[in-house]
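The following paragraphs go through a predicted model. They begin with the contact between its chains and end with the confidence scores.

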Amino acid sequence: MSRVKVARKSTAIDMTAMCDVAFLLLTFFILSAKPKTEDPLKAEVPASTAIMPIPESDYAIITVAQGKAFYSIEGVDVRKETIKAMGDTYKVGFTPDQINAFAATESFGIPLNILPQFLSLPANEKTGYKQQGIPVDTTENNDLYHWVYQTRLANKLLHNKELKVAIKGDAREEYPTISKIIKTLQKQKVDKFSLITSLKTVSK
Amino acid sequence: MAELDTSGGGKKGGGKVRSKKASTRVDLTAMVDLAFLLITFFILTTTLQKPKAMDLIMPDKDEKTKAEQPVADNRTLTLLLGSDNKLEWYMGLMGKSQPTTDGYGKNGLRKLLFDKSKEVLANTGKELFVIVKPSDKSNYNNVVTTMDELNIVGNQFRAIVEITPSEVELLKRDHLYN
């Protein structure tokens with residue numbers, strides 16, 4: 001009796017298709033990547049059922065936690081324009097290096113009078129720097145008021161679009177702090193803004 | 001590398017000596033490894049889910065254009081946000097109807113809003129007007145939850161207004177101000 005011979009097959013797997021898929025995914029992720037930015041201020045946003053994502057550009061975020069306000073502007077060009085205008089308003093001269101350092105800063109909470117010193121710090125000292133928050137009060141002459149105002153002007157000038165202001169507040173933050181920020185915005189007739197929330201589903 | 005030699009040993013003896021044909025197949029394993037490593041890196045460093053935002057429109061505060069239209073008090077619901085994640089509500093003018101303490105959530109605030117909307121619509125044929133008054137002892141989460149519940153119920157007529165001292169007294173009386 002003859003034995004049934006099992007054909008010997010190559011154990012090599014064709015990797016071409018897998019390689020194609022892997023690189024396709026890789027390309028997709030590289031193109032859609034927007035590096036995670038480390039917020040110096042941790043805010044745990046409350047949950048809501050709102051499903052509207054925040055816009056891609058033309059927005060500024062005010063982060064509120066632990067009674068402090070931090071500010072971040074989207075877009076490097078708007079940042080540069082804003083810091084120049086802020087320098088003019090407060091009669092503070094910023095060197096080109098400081099302006100570039102500011103353009104690379106994501107979120108910050110430094111009063112304007114010490115901002116130049118902060119921007120001149122080397123990068124490794126910046127991360128450990130204890131930021132005290134942007135001064136806010138109920139008058140019309142506080143740092144945050146001017147920041148938002150100048151950002152709006154800069155955005156209008158560069159992109160010809162109205163700046164959207166978003167508030168990213170910590171869920172446990174007491175209302176008076178938020179109220180102060182809302183009042184500051186309302187002083188410059190920004191009556192419509194977004195509250196950043198995390199998504200939750202409606203419990204039926 | 002990941003290939004076993006499966007050529008049957010070859011013919012023994014005889015024949016011309018031929019140069020071995022080099023395989024054109026390239027081993028892609030290492031390349032795939034690298035690609036997946038990079039994918040993993042990019043997945044972990046990107047924020048896939050963009051944060052969501054809820055729009056909030058505050059009433060115009062401009063003193064010059066005070067064109068406030070009175071709203072009938074039989075279709076106004078006032079919510080006073082107090083401490084300890086509790087709120088108090090009353091219909092119409094303060095003092096005329098007894099304020100009630102309630103909690104947030106689907107059986108508290110949502111049920112209240114839903115019932116009152118229905119009631120007001122049946123009585124007056126108009127929408128319910130909700131005034132939200134966060135006290136100093138309430139937190140941001142309370143405000144967002146309240147606005148969210150209003151969105152869920154589909155109420156369009158609402159406003160965040162500052163709380164008055166007499167209403168603070170009311171909250172204090174009911175131990176919602178600590």
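The contact draws on 50 residues of chain A and 41 residues of chain B. On the side of chain A that touches chain B, the elements giving two or more residues are α1 (16-32), β2 (52-53), β6 (164-169), α7 (175-187) and β7 (192-199) of chain A. Of these, α1(A) gives the most, with 10 residues. By residue type, the side of chain A that touches chain B divides into 29 nonpolar, 12 polar and nine charged residues.

Strand pairing also links the chains. β2(A) is joined by two bridges to strand β1 (residues 52-57) of chain B, and the two strands run antiparallel. In this pairing, A:M52 stands opposite B:A53 of β1(B).

Next comes the nonpolar interior. In soluble globular proteins, nonpolar side chains tend to be buried together. Here the largest nonpolar core has 66 residues, and A:A69, A:Y71 and A:I181 are those with the most contacts inside it. Apart from neighbours within four places in sequence, A:Y71 is in contact with A:A60, A:I62, A:F108, A:I134, A:L144 and A:W147.

How far can the coordinates be read? Where pLDDT is low, the predicted coordinates should not be read in detail. Chain B has an average pLDDT of 78, with 83% of its residues scoring at least 70. For the complex, the predictor gives an ipTM of 0.73 and a pTM of 0.75.

Conventions. Residues are numbered from 1 along each chain as its sequence is written. Chains are lettered from A and ligands numbered from 1 in the order in which they are written. This is a predicted model: local features need pLDDT of at least 70, side-chain atom pairs count only at pLDDT 80 or more; totals for chains, interfaces and linings use all residues. Two residues are in contact if their C-beta atoms, placed from the backbone, lie within 7 Å. Helices (H or I, at least four residues) and strands (E, at least two) are DSSP runs, numbered from the N terminus. Ala, Val, Leu, Ile, Met, Phe, Trp, Tyr, Cys and Pro count as nonpolar, Asp, Glu, Lys and Arg as charged, and the others, Gly among them, as polar. Two strands pair if DSSP finds at least two bridges between them. A nonpolar core is a set of buried Ala, Val, Leu, Ile, Met, Phe, Trp, Tyr and Cys residues joined through C-beta atoms within 7 Å. A residue is buried if 20 or more other C-beta atoms lie within 10 Å of its own, exposed if 12 or fewer, and partly exposed in between; C-beta atoms are placed from the backbone. pLDDT is the predictor's confidence in each residue, from 0 to 100.
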